[in-house]
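Please have the sequence and the model at hand.

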Amino acid sequence: MNFDLTKLIRNNIQELEPYSCARDEFKGRKANVFLDANESPYNQGFNRYPDPLQEELKTRLSTVKHVPVEKIFLGNGSDEAIDLVYRIFCQPGTDNVVAIEPTYGMYRVCAEINDIEYRPVLLDEDYNIDASKLLAATDQHTKVIWVCSPNNPTGNALQRTEIERLLNEFHGIVVVDEAYSDFSQERPFRYDLAQWPNLIVLNTFSKAWGCAALRLGMAFASTDIIALFNKVKYPYNVNQLTQQKASEMLQDLARINQWVSLITQEREHMLLAFNELPICQKVYHTDANFFLAKVNDATSIYNYLIDHAIVVRNRNRVTLCQNCLRITIGTPQENSALLAALRQYKN
């Protein structure tokens, strides 16, 4: 594949002089007295700015995700990485992006914030992807194609061969959001970064790792793309408490794996039980920690559950998801409470 990253970068980003953190200026040297960053000398443990490149955390993460440190970006949730893709590669008012539909809503929101045309391409009735249709929607101003797999809100892992075709034939950036990949049996694309220089893979601590409150997202890509992310991001984008807690979690893989196992077991139980409910018309295949179900009257059932202090996601207004509810897999007790309430529902 003939791929030239420099042709995709906005001119102002190419010429940008990044902010120089105080800590960057003595990097590689030892210091005991810090009088450079106008920090307070008091309240030890919280008074210093955090490592702007999160090197210790990335080193631990590298061994878990099997991605070299220099190919890892950490941000304030995956949403920061999504926004950076627009800010680095897309010229406002000129460029466009292509994305599957339905999918995660922040791709569109960030496009609108950055004044970038957003071109949705419908999945088929089984929520499968067609690379030909996505490629047909591109033109000379298309900089990015967005793919989420397993997809949100549909839950299914998209066909790998179709995503590979996008990577091979599209000369812009292809972003594969793998937020839910820990719950899937599919091979993660982050293992194959060396094969595609135009690939960016997203991941998160919010799902399998149970750390949504930390707001820590990951992006995996070539060293050149990661360098651009680090050039444009805010200097101290991941706070010290988040870095510390994430490091602790990375040392407790057995517990994380147990959580994933429990959730996938409960997922199979829930799919079977939900299919038997009178309100249920169809439960779609899922590779995530949630499932999408078509029901008799999504809005009425959603409101009924709210009255019973149970919150699910009403996707009735989402394209191709009419009368669908998206239901996260909870604890056995939470799942049982949901099923018990739905068995009592009267049309």
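## A buried tyrosine

Y345 has a relative accessible area of 11% and is buried (under 20% relative accessible area; exposed is over 50% and partly exposed in between, with a 1.4 Å probe and protein chains only). Y304 also counts as buried, at 15% relative accessibility.

The model is predicted: local features need pLDDT of at least 70, side-chain atom pairs count only at pLDDT 80 or more, and totals for chains, interfaces and linings use all residues. Residues are numbered from 1 along each chain as its sequence is written, and side-chain values use heavy atoms, without hydrogens and water.

## Aromatic pairs

The whole structure holds 11 aromatic pairs. Rings of Phe, Tyr and Trp (its six-membered ring) pair if their centres lie within 6.5 Å; planes under 30 degrees apart are stacked, over 60 edge-to-face, and the rest tilted. The ring centres of Y304 and Y345 are 5.0 Å apart and the planes are at 70°, so this pair is edge-to-face. Y304 lies in helix α10 (residues 298-307) and Y345 in the segment after α11 (332-343), so the pair ties together parts 41 residues apart in sequence. Helices (H or I, at least four residues) and strands (E, at least two) are DSSP runs, numbered from the N terminus.

One aromatic cluster is formed by Y86, Y104, Y107 and W146.

## Strand β1

In strand β1 (residues 72-76), four of the five residues are buried. β1 runs antiparallel to strand β7 (residues 216-220), joined by five bridges; strands pair if DSSP finds at least two bridges between them. Within this pairing, N76 stands opposite L216 in β7.
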